[in-house]
Amino acid sequence: MSNYLIVPSNLRYKGAPSVDEQIAISLDSHNQQITEYDRSSTISLAQVYDDERQGCTVFRPTFKTTFLYENTYTGTTGYIPFQYNLYYTAPVSSKQSTKWQGFPQYYEFDFYRPDVGDQHFNYKAKSAYTYNWTYYLTYPYNNNYTKQLTYYRNNINSINWIAGDGIPFSITNTSQNGNGLVSFTCIAPHGLTIGEYVELSLVYRNSNLFQVYSLGNGLLDSDVHIFNLLNIGYTGTTFSNGTTGTFKRVINPDNLTETKSKYYIREQKVLTNLTDLEVTKAGFEKNVFAEQRKLEYSSITPNNLTRISQKTSSNAYNMTSAYDLDFANLKDNQKRPISEINLTIVNKGYSGYFNQPSNGFGLKQGWEFNLSKTTNPWWNLTEQRSNTSIPVSSYTLTSGETKTFYYNLDLKKDDVMDGDFCEWNDYEQIERVVSSYYHKLKFNQTVFQTTTVATTNSPGYYYQPHNKMTIRVFSDYVETGDVEFVDQVPEWSFYSTSDRQFRWRDLYTYGFRDNLNRGVDYPYINTAHYPFSEIIFRLIPEGINYNENLDGYDFSFKPLIDECE
């Protein structure tokens, strides 16, 4: 009856009479039997699981961190809680001179600082993992093309440039197999291949584009830092020995705009606050390097007490996010879905051994090209450009002497830090790290004097704060798409006006690995991914890991031991 609308006869028009009416109702029925496949279907649980996994953007990352360091620098102090607790190096002569010399003990460096009862500050167990270091998750966020950079040649003469200018070099005229060469020694790996082009900051006869003829100077590993142009008879002083400048890599000189690389400092944004990571010791695990302990006899200690002192530790730690993190709306520095995050470790140094401030900042920053065999002027306290953006706070105590102790303040979610010096090529859609980012940690010489002569550029320790975890992998193949298929092109693609095509790299699915074993495959359970990464966090003493490519670095020699040995 739902197909009928009954209108009484007296309502059809004004003054209509009432009339009896009837409607014939059919008793015919119409039905159709539902087939078996319309009522039920087979569901693949494996497919449902994979569909949920591929669509999930929630992560709970875990880092296993092995801390390697060598307690290298001895010093003296008149502050009693420090003086009474050193790892003494010459206790007999120190007792005679009353000037006690030794190493700070391991707990001034370790991730976990126990309650040592040194009467220095009011210890709180809940802060045990954050007295010396703080830990955050960060991700690549932005490109800084205007960052001022400096490289010191022989620690005297400097090359100054901004990140967007490219990679600095120094010229040497040489020959190889009878051919004259203009050789360019770079401060960092150049990333070039033979046959590609370079755009120089130098101009020769109205041109600054030149083809790479060869790489290296015949010595081991020199290919990475040296590229050569064929000297076809260049005259004048443009390519004179010792001339410096910068270059940018170019794939195709006929398509200069799209195939020329860009150079920048990759900035990192903080994802978590201080208490958002859980830090624990990794069970009973120790690294392969033995811990150094010794018995300090009461007869040769300043307070006449016998104790055991320890110089180094060999602990491993787990850092895990305290809650699930949703990365759905996060874009990296190239405006793509994020494919990596970092465990960022920053020195806090609450005890006050370190971080002597200048203009309110104690922690220094630089790049691998700023590391040198001898102390580099870049790290001087008076060099403001090497200051981090992390300010210090302080407290003052008196015990034997009155001292002011400085420590770095904690970072907060959405803070931005500097990162690696990088290269990006739109046409290739590849990012390359040119020079890694470092922090430098120096002793506060007014608290713990490590140098016999007062200096504003004392030696110290380097470390890399950003430790990468890969959560997605971009394909090793560049996809292309025509304009008419724009609806099938991802939003991070690059449109090539010369090719009239979109260019991009696809993201591999979770669990897939290509023929180069590139990809990620980690547990997915309870609607979250659980990626895991093992990292080694190194505290590197001054002069061990250095880069002096413009000043006679011997590419034929490689040390047989690493920075921690």
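This report describes confidence, nonpolar cores, salt bridges and selected residues of the structure above.

## Basis and confidence

The structure is a predicted model, in which local features require a pLDDT of at least 70, side-chain atom pairs count only at pLDDT 80 or more, and totals for chains, interfaces and linings use all residues. Residues are numbered from 1 along each chain as its sequence is written, and side-chain values use heavy atoms, with hydrogens and water left out.

The mean pLDDT (the predictor's confidence in each residue, from 0 to 100) is 91, and 94% of the residues reach 70 or more. Over residues 553-561 pLDDT stays under 50, and the model has 14 contacts beyond four places in sequence for this stretch. Contact here means heavy atoms within 4.5 Å.

## Nonpolar cores

A nonpolar core is a set of buried Ala, Val, Leu, Ile, Met, Phe, Trp, Tyr and Cys residues joined through side-chain atoms within 4.5 Å. Buried denotes under 20% relative accessible area, exposed over 50%, and partly exposed the range in between (1.4 Å probe, protein chains only). In soluble globular proteins, nonpolar side chains tend to be buried together.

The largest nonpolar core has 64 residues, of which Phe 111, Trp 133, Tyr 135 and Phe 327 touch the most other members. Several strands each supply at least two residues of this core, among them E2 (62-69), E6 (133-144), E17 (277-286) and E37 (532-541). The largest share, five residues, comes from E6. Helices (H or I, at least four residues) and strands (E, at least two) are DSSP runs, numbered from the N terminus. Beyond residues up to four places away in sequence, Tyr 135 touches partners including Phe 111, Leu 277, Met 319 and Ile 345. A second, separate core of 39 residues includes Phe 169, Leu 202, Phe 239 and Tyr 437.

## Salt bridges

Side chains of opposite charge can pair when their charged atoms come close. A salt bridge is defined as a side-chain nitrogen of Lys or Arg within 4 Å of a carboxyl oxygen of Asp or Glu, and the count comes to 28. In the pair formed by Lys 260 and Glu 199, the closest N and O atoms are 3.3 Å apart. Lys 260 is in the loop between helix H5 (256-259) and strand E16 (262-270), and Glu 199 is in strand E11 (residues 197-204), so that this pair links distant parts of the chain, 61 residues apart. Lys 260 counts as partly exposed because its relative accessibility is 22%, whereas Glu 199 is buried at 14%.Glu 431 and Arg 266 meet in a further salt bridge, at 2.8 Å from N to O. Glu 431 lies in strand E28 (residues 430-435) and Arg 266 in strand E16, so the pair ties together parts that are 165 residues apart in sequence. Glu 431 is partly exposed at 23% relative accessibility, while Arg 266 is buried at 6%. Glu 542 and Lys 440 form another salt bridge, with the closest N and O atoms 2.6 Å apart. Glu 542 is in the segment after E37 and Lys 440 in strand E29 (residues 437-442), 102 residues apart; both residues are buried. Salt bridges with shared partners also join Glu 196, Arg 249, Glu 423, Glu 428 and Arg 432 into one network.

Leu 181 is located in strand E10 (residues 179-186) and counts as buried because its relative accessibility is 2%. Leaving aside neighbours within four places in sequence, Leu 181 has contacts that include Thr 172, Gln 176, Tyr 213 and Leu 229. Its C-alpha atom is 16 Å from that of Leu 200, which is 19 residues apart from Leu 181 in sequence.

Leu 5 is placed in the segment before helix H1 (36-39) and counts as exposed at 77% relative accessibility. Leu 5, Val 7 and Leu 11 form a nonpolar surface patch with about 350 Å² of accessible area together. Patches consist of residues with over 30% relative accessible area and no salt bridge, with like charges joined within 9 Å and nonpolar side chains (Val, Leu, Ile, Met, Phe, Trp, Tyr) within 5 Å. Accessible areas come from the Shrake-Rupley method with a 1.4 Å probe, and for residues only the protein chains shown count as cover.

## Loop residues

Lys 331 is found in the loop between strand E21 (325-326) and E22, and is partly exposed with a relative accessible area of 30%. Contacts of Lys 331 beyond four places in sequence include Tyr 139, Pro 140 and Glu 491.

Most residues other than glycine have a negative phi, and most peptide bonds are trans. Lys 335, in the loop between E21 and E22, has a positive phi of about 65° and is exposed at 53% relative accessible area. Asn 359, in the loop between E22 and strand E23 (364-367), likewise has a positive phi, near 55°, and is exposed with a relative accessible area of 62%.
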